[in-house]
Amino acid sequence: MSEILHGCLPDTEYFEATARSGHSYGVWVTTPPGYADSTDPLPLIYVVDGNWTVGLTAPLIVAQADPFLTIGPYIQVTIGYAGAEAAAWEHLRNRDLVPPGEPVSAEMVATVEWARDTGKMTTAQMEAYLAELSDTHADVFLDFLTAELHPRLRSKLRVSDSGHGLFGYSYGGLFALYAWLREAAPFTTFGAGSPGVVSADSRIFDLVEALPEPGEDSAPPRLHITLNEAEALGDIPIYRGMARNVLAVLDQLHTKGRSEQVSNTMLHETHVTGLQASFLSYLKACHAR
């Protein structure tokens with residue numbers, strides 16, 4: 001795998017890891033330009049949904065050398081699924097990225113049934129997708145990243161003590177938002193691209209409501225949220241509903257006095273094309289040198 005990656009993703013190494021949960025993951029580690037000639041420790045930016053995201057986000061590591069930008073140096077760690085599970089990433093991600101207890105909305109059920117009826121999903125794929133949504137464990141996956149994978153990488157790479165980030169998109173964005181609400185260390189910045197707050201009864205609203213009053217911490221964790229115009233203004237109901245719910249979350253965060261910690265951007269993209277633009281927006285907002 002590493003030999004193949006060297007042809008299309010320079011400076012990327014791949015390995016597989018088995019979590020204490022018993023689940024296996026593929027991990028891509030991409031180092032920045034000049035890393036081999038430097039001795040400086042660098043922060044890690046974790047990106048989930050690696051089977052989809054690595055090819056669109058890892059190449060942006062060269063943006064650190066762009067003289068027109070102010071993105072600081074970082075090492076990217078992209079996490080996905082390995083072996084036979086790589087082909088099943090679209091429903092396995094539901095297990096790992098959706099918070100425990102998240103309701104399955106009628107809009108989501110209608111969407112996957114439409115996908116089945118139009119041939120975009122088989123019945124087996126639809127059932128597997130909904131089955132994973134019925135028993136979700138973002139808490140277990142978050143513990144794998146923070147308590148298992150991060151210490152392993154610190155032992156292998158020149159890793160700084162602070163400045164680490166977490167980025168996700170769609171359900172990955174929901175995961176990043178959930179991790180921010182849990183103030184998950186070691187992350188100090190979180191990028192939530194089009195976070196999949198699909199249900200109006202999402203657990204996210206309860207977690208925001210439970211936030212304590214802002215403290216006097218000089219460097220509270222940063223959260224950057226992006227949405228896409230096509231989601232908010234287009235004619236696909238599940239995306240319109242998601243956009244409404246995300247805006248409601250932002251309004252709730254403002255009411256809770258968290259505006260200084262949270263930034264947001266509306267992108268001129270669709271849900272699919274917004275991934276790369278969202279990651280770049282997060283880097284520019286949260287990882288300036």
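A salt bridge is taken here as a side-chain nitrogen of Lys or Arg within 4 Å of a carboxyl oxygen of Asp or Glu. By this rule the count comes to seven salt bridges. The structure is a predicted model, in which local features need pLDDT of at least 70 and side-chain atom pairs count only at pLDDT 80 or more, while totals for chains, interfaces and linings use all residues. Residues are numbered from 1 along each chain as its sequence is written, and side-chain values use heavy atoms, with hydrogens and water left out.

**Salt bridges**

| Pair | N to O distance |
|---|---|
| Asp96 and Arg95 | 3.0 Å |
| Arg154 and Asp161 | 3.3 Å |
| Asp206 and Arg203 | 4.0 Å |

Accessibility is given in classes: buried is under 20% relative accessible area, exposed is over 50%, and partly exposed is in between (1.4 Å probe, protein chains only). Asp96 is buried at 2% relative accessibility, and Arg95 is buried at 8%. Arg154 is partly exposed at 37%, whereas its partner Asp161 is exposed at 68%. Asp206 is partly exposed at 47%, as is Arg203 at 30%. Asp206 and Arg203 are three residues apart in helix 8 (residues 203–209), about one helical turn. Helices (H or I, at least four residues) and strands (E, at least two) are DSSP runs, numbered from the N terminus.

**Helix 3**

Arg95 and Asp96 are among the buried residues of helix 3. This helix spans residues 89–97, and seven of its nine residues are buried.

**Cavities**

A cavity is a set of points on a 1 Å grid over the protein atoms alone where a 1.4 Å probe fits but cannot get out; lining residues have an atom within 4 Å of a point. Its volume is the space filled by probe spheres set on the points, which are joined across faces, edges and corners. There are three cavities of 30 Å³ or more.

The largest cavity holds about 90 Å³. Among its lining residues are Val98, Glu102, Met108, Tyr171 and Ser199.

The second largest cavity holds about 40 Å³. Its lining consists of Val48, Asp49, Ile79, Gly80, Tyr81, Arg93, Leu97 and Phe141. Strand 4 (75–80) and helix 3 each give two or more residues to this lining.

Terms used: On a 1 Å grid over the protein atoms alone, a cavity is a set of points where a 1.4 Å probe fits but cannot get out, and a pocket is an open set with protein on both sides within 12 Å along at least five of seven lines; lining residues have an atom within 4 Å of a point.
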